[in-house]
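Please read this briefing with the sequence and the model side by side. The points are grouped by topic.

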Amino acid sequence: MDSQKDRKAAILAATLSSLWTDTEPAVRERVTAIALGDADAISDVFYAILLDRPDSNSFLSHALVQERLRPSLARWIAALFTASTDEAIAAVLEQNYQVGLIHARINIPLTLVNAGMRIIKKELSARLLAADLSRAQTASAILFISELLDTVLDNMHEAYLGDLLGNVRHQQSLKMFMSGPNLALEGERLKSSLFDWLRNTVVSFYAHEDNNHASPPPIESSDFGLWLNHKAELTFGRVTELDLIRERTGRISAKVTAAVEGGWITPAFVKELNNDVTEIAYVLGTIIEKAMEIESGRDPLTRLLTRRFMPAIFQREVAISLRHGKPFAVLLMDADHFKTINDTLGHQAGDSVLSDMAELLHTHVRAGDFVFRYGGEEFLILLTEMDEASLRVKADQLRRTVEEHRFNGAGNGLRVTASIGAALHEGHPDYEHTVRRADAALYEAKRQGRNRVVIA
């Protein structure tokens, strides 16, 4: 825990402690009794009101969220209004700080957090007005709950804003990372993917007799299309050239659909399609030339993304998944018996294996996917736009790719296997939920004997 956080927590703790000490015991006891007795009812009202708000649907509509958060909020209310000792106050503040981090991770608007706190204030105040307190005691009690809730709200906001600012910095670093020298190579790969799509499309036009043209693969699901939808903005930011590429891509998609349905595939149309694709490739080249800057933030050994970029990337993927109904998947891969490699062949050999494995993984995923050095000998792969059947195939393909590769960790090559845990995003707004499920699946893969895939 950093010293700045400690100092701020100490100030808030002192505020809460003074609040408890300065409030009349009879008032404190009555507030505590109401909070304990009506915590469940207040929690029900809280979610009933927020679920009616259109800005909360994406956060609260998930059944698991409702199932867990209702009793969790009731416990939070009870704990908050019984925390009169220094130890209990410190525990409440730490819990609130973690809640603030979760709010930031899920991208819950601060206006929604504030609205929720107002609901709790209103419900407690209404119950106090009906309690057997004098007018002065009622005023004191309402002031007590207001100051208490405002203080813990400040605590949540501190965590929220700190995480938000850190995430903005990471997004800037991420942009620098993805704009490094390897971007030129990636650009050539993307252009190749784009022209591969064009070739496959033209072949599909003329592969059938009697002008019964087959539907070509959508450009949106090509390697280039996935990159455009999931990585392009993270790499270059919101630049006008990307808007132009998206507009051209959408226009191509509409043209192809209309041509196939109308049955008017002609040489002139194919030439026009080639010109459109060539124009996109040219614009992509100009963006890459402008974006070649000093790279920053790579893992020094594997040159992969590091964990600090996960919030920026995962929050975006969660938003895309919830908005378009195209779930992503998380793979956690762990090199089996890696400690033995380090112990018997030395750390230099172990580093060589990890470097090779990183390159192997990066080569065998799509342009729209993300590969992270998760820690030690563990890698995390975010696969965009997945379903369960595709996930099973891809995960086992990666496992076999590692198993069949000869690594350079030893003189004549080294055989290494990997265990994989995988999870499909189920709509939960907190991406950590999906990562934890993948982690549990990885643990199960190891328990079952390693060198296998387990899907959560």
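Among contacts in the chain between residues at least 6 apart in sequence, 76% join residues at least 24 apart. The model is a predicted one. The chain is built from 17 helices and eight strands, and 48% of its 456 residues count as buried.

**Surface and charge**

- The structure holds 25 salt bridges.

**Salt bridges within one helix**

- Arg 127 and Glu 123 form a salt bridge through their side chains, at 2.8 Å from N to O.
- These two residues, Arg 127 and Glu 123, are four residues apart in helix α6 (residues 110–129), so about one helical turn separates them.
- Glu 123 counts as buried, because its relative accessibility is 16% and the cut-off for buried is under 20%.
- A salt bridge also joins the side chains of Asp 196 and Arg 199, at 2.9 Å from N to O.
- Asp 196 and Arg 199 lie three residues apart in helix α8, so they too are separated by about one helical turn.
- Asp 196 is partly exposed at 29% relative accessible area, and Arg 199 is partly exposed at 47% relative accessibility.
- In one network, salt bridges that share partners join Glu 233, Asp 243, Arg 246 and Arg 316.

- The side chains of Asp 223 and Arg 189 meet in a salt bridge at 3.9 Å, N to O.
- This pair links distant parts of the chain: Asp 223 belongs to helix α9 (residues 223–230) and Arg 189 to helix α8 (residues 182–206), 34 residues apart.
- Asp 223 has a relative accessible area of 22%, so it is partly exposed.
- Arg 189 has a relative accessible area of 26% and is likewise partly exposed.

**Helix α7**

- Leu 161 is found in helix α7 (residues 135–178), and it is partly exposed, with a relative accessible area of 40%.
- The C-alpha atoms of Leu 161 and Ala 104 are 7.6 Å apart, although the two residues are 57 residues apart along the chain.
- His 157 is also placed in helix α7, and it is buried, with a relative accessible area of 18%.
- Apart from its neighbours within four places in sequence, His 157 is in contact with Leu 110, Val 113 and Asn 114.

**The loop between α8 and α9**

- Pro 217 sits in the loop between α8 and α9 and counts as partly exposed at 37% relative accessibility.
- Although Pro 217 and Trp 197 are 20 residues apart along the chain, their C-alpha atoms are separated by 7.6 Å.
- Apart from its neighbours within four places in sequence, Pro 217 is in contact with Trp 197, Asn 200 and Thr 201.

**Helix α13**

- At 1.5 Å a residue, the 15 residues of helix α13 (residues 310–324) should span 21 Å, and the end C-alpha atoms are 21 Å apart, which agrees.
- The buried residues of α13 include Met 310, Ile 313, Phe 314, Glu 317 and Ile 320.

**The six-stranded sheet**

- Six strands form an open sheet with mixed pairing, in the order β1-β3-β4-β2-β7-β8.
- Strands β1 (305–306) and β8 (453–455) stand at the edges with a single partner strand each, so one side of each has no neighbour in the sheet.
- Strands of a sheet pair through backbone hydrogen bonds, and the pairing is either parallel or antiparallel.
- Strands β3 (residues 370–375) and β4 (residues 378–383) run antiparallel and are joined by five bridges.
- Arg 373 has Phe 379 in β4 as its bridge partner.
- Helix α16 (residues 388–404) lies across β2 (329–335), β4, β7 (418–424) and β8, and it runs at about 165° to β7.

Definitions and conventions: Residues numbered from 1 in each chain as written. Predicted model: local features only at pLDDT ≥ 70, side-chain atom pairs only at ≥ 80, totals over all residues. Heavy atoms only, no water. Buried < 20%, exposed > 50% of the residue type's maximum accessible area, 1.4 Å probe, protein only. Contact = heavy atoms within 4.5 Å. Salt bridge = Lys/Arg side-chain N within 4 Å of Asp/Glu carboxyl O. Expected span 1.5 Å × (residues − 1). Pairing = 2+ DSSP bridges. Axes fitted to C-alpha atoms, helices over the stretch in contact; angles between N-to-C directions.
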